[in-house]
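Subject: The structure I promised you

Hi,

Here is the structure I said I would pass on. Have a look at it first, then read my notes below.

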Amino acid sequence: MEKDIKLMKGNDAIAEAAIRAGADAYFGYPITPQSEVIEYLMAEQPEKRTGMVVLQAESEVAAINMIYGAAGAGKRVLTTSSSPGISLMQEGISYIAGAQLPCVLVNVVRGGPGLGTIQPSQADYFQSVKGGGHGDYKLIVLAPASVQESVDFIKLAFDIAFKYRNPVMLLTDGVLGQMMEKVEFFEQQERKKEDEPWATVGKAGRGHRNYITSLFIKPEKMYEVNLELQKKYREVEKNEVRYQEIDTEDADYLFVAYGTTARICQKACQLAREKGIKVGLLRPISLYPYPYDAINKLADKVKGVMVIEMNHGQMVEDVKLAVNGKLEVGFMGRSGGIIPTPSEILEALENKFINK
Amino acid sequence: MTEEIIIAGFGGQGVLSMGGILAYAGVMQGKEVTWMPSYGPEMRGGTSNVTVILSDEMISSPILNEYDTAIILNQPSLDKFEKMIKKGGTLIYDGNGINRHPEREDINIYRADAAKAAASDLKNPKVANMIVLGALLKQNPIILDENIKKGLEKALPERHHRLIPLNLKAVEKGKEIVKIIREV
């Protein structure tokens, strides 16, 4: 069979991937730079292809609560938004995490804080990885670096979400959403037919009703639920760490960057090697759980670690935890929709570790 | 081989669609392709640009600070991107509306007055972008003609397929009218 290769924008590709992953429903509200997701879904009319429901909610707050309800019924559901919209959803995200429900969230990050700009950014790292909403919960966070990965990770995100009954977020940005790249799609997955044993779908011959809540008014019960969550997160940390190493075997220096910034760093590595400086790249793919061990091991081999982000230093804190004082960790970042260039990144590394 | 191209002009000149056709043609030729538009609160008459990277290998950064080739359709874009062309690289520009012509002596410079040729010879100002694309392909045949045709078939919605012959004629026109200003 001929390969199913298309040239697609990241946002359109995410929408198509959601249909193919057998999603039951999409609830969302448009916001630049990811409005193409809902536009594509509305134009494609997946209700005719797979029966998938697509609904534009009246706000992000409504959308995330529709996700909460449908996820409680055991459905494969997703929403997409961009930074200010994701902020509006935080209460619902905390409830979903507390009620231990699976769903997929996509944040096509734009510059902030506040209403900010519509240009690309990575300033929502803390919000995605460290919390965002209230309470001791974790999102499993995947950071694609290409249109192809945006597609593949939608399918992966649904699988992980259902494996752990936990919300999974794809953290991308305006570059990945707006650019077109070659992409190969996986085959259409069938929508789920069997009800999940925990889903609120009536008694369904079980003799009891399932109950979905994030309200546990007795402290002892709330503590028990928290311990259960923590046990689950330890499992996630054991099984779901993902990262990529590029040219690290002989590297004297190491870039750590994710998503779009990792792509730019790859180019900076090439430029460095043309100048005789051996630089490698570690690209975290899962931002939670974080590849602490992989970075810690590389810290024994290199002379310096440079973290590059489209913000003023968020992931760098996790890199410092990973390096654990073994050597100096440098940082270079641009924010507010300004994207660092390959030569700027290389210059920052040279200034920090070589020309000092 | 990797070719890093910037295409820049006014919004409405067909900058993004020319880039799209080139990108689709690249896919048809089996290349890795990245098409990265400038996007923002822009409007007709504002500036617009797109980076197209065609490569035989996996493409790293979609964000670049220098280019192998710049295709320039207006003065602000010439002012911005002339200095960002790699030494020995290529600049192709439409002289329409240009007061300050390119000055660099270490790059190849070609001129194709596409807006004029589109209006007078082809009677359709909208295909000026394809004329400039033709000028590029004359100087640097990165993509085969047959793949440009296939790229057009993919990039244009079917209701516009009747315009494909005109677009291909525009590509030929570009090859005809492109003038060498300087070669290094």
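This is a predicted model: local features need pLDDT of at least 70, side-chain atom pairs count only at pLDDT 80 or more; totals for chains, interfaces and linings use all residues.

**Helix pairs**

Two packed helices are described by the angle between their axes and the distance between the axes. Let's start in chain B, with helix H1 (residues 15-28) and helix H4 (residues 128-139): their angle is about 45°, and their axes are 9 Å apart. That angle makes H1(B) oblique to H4(B). H1(B) passes H4(B) in a right-handed crossing.

Which residues of H1(B) and H4(B) meet? From H1(B) come Ser17(B), Met18(B), Ile21(B) and Leu22(B), and from H4(B) come Asn129(B), Met130(B), Val132(B), Leu133(B) and Leu136(B). Sorted by class, the contact of H1(B) with H4(B) has 7 nonpolar residues, 2 polar and no charged.

Now try chain A, where helix H1 (residues 10-20) packs with helix H8 (residues 147-164) at about 25°, with the axes 9 Å apart. Angles under 35 degrees count as roughly parallel, and therefore H1(A) and H8(A) are roughly parallel to each other. Their crossing is right-handed. H1(A) brings Gly10(A), Ala13(A), Ile14(A), Ala17(A) and Ala18(A) to the contact, while H8(A) brings Val147(A), Ser150(A), Val151(A) and Ile154(A). The contact of H1(A) with H8(A) divides into 7 nonpolar, 2 polar and no charged residues.

**Aromatic rings**

There are 7 aromatic pairs over all chains. One to look up is Tyr67(B) with Phe81(B): the ring centres are 6.1 Å apart and the planes are at 80°, so the pair is edge-to-face. This pair links distant parts of the chain, since Tyr67(B) is in strand S4 (residues 67-72) of chain B and Phe81(B) is in helix H2 (residues 75-81) of chain B, 14 residues apart. Are Tyr67(B) and Phe81(B) buried or exposed? Tyr67(B) and Phe81(B) are both buried.

In chain A, have a look at Tyr125(A), Phe126(A) and Tyr258(A), which form one aromatic cluster.

**A buried asparagine**

Back in chain B, Asn147(B) sits in helix H5 (residues 145-155). With 4% relative accessibility, Asn147(B) counts as buried. Leaving out residues up to four places away in sequence, Asn147(B) touches Ala25(B), Met28(B) and Gln29(B).

Most residues other than glycine have a negative phi, and most peptide bonds are trans. Chain A has some exceptions you can check for yourself:

- Gly112(A) and Pro113(A) are joined by a cis peptide bond, with omega about 5°. Pro113(A) is in the loop between strand S5 (103-109) and helix H7 (125-129) of chain A.
- Tyr288(A) and Pro289(A) are joined by a cis peptide bond too, with omega about -5°. Pro289(A) is in the loop between strand S12 (286-288) and helix H12 (292-299) of chain A.
- Gln100(A) has a positive phi, near 55°, and lies in the loop between helix H6 (90-98) and S5 of chain A. Gln100(A) counts as buried at 12% relative accessibility.
- Arg165(A) has a positive phi as well, near 50°, and its place is in the loop between H8 and strand S7 (167-173) of chain A. At 24% relative accessibility, Arg165(A) counts as partly exposed.

Happy browsing!

Conventions. Residues are numbered from 1 along each chain as its sequence is written. Chains are lettered from A and ligands numbered from 1 in the order in which they are written. Side-chain values use heavy atoms; hydrogens and water are left out. Axes are lines fitted to C-alpha atoms, for helices over the stretch in contact, and angles run from 0 to 180 degrees between N-to-C directions. Helices (H or I, at least four residues) and strands (E, at least two) are DSSP runs, numbered from the N terminus. Angles under 35 degrees count as roughly parallel, over 145 as roughly antiparallel, 65 to 115 as roughly perpendicular and the rest as oblique. A crossing is left-handed if the near helix is turned anticlockwise from the far one by less than a right angle, and right-handed if clockwise. Contact means heavy atoms within 4.5 Å. Ala, Val, Leu, Ile, Met, Phe, Trp, Tyr, Cys and Pro count as nonpolar, Asp, Glu, Lys and Arg as charged, and the others, Gly among them, as polar. Rings of Phe, Tyr and Trp (its six-membered ring) pair if their centres lie within 6.5 Å; planes under 30 degrees apart count as stacked, over 60 as edge-to-face and the rest as tilted. Buried means under 20% relative accessible area, exposed over 50%, partly exposed in between (1.4 Å probe, protein chains only).
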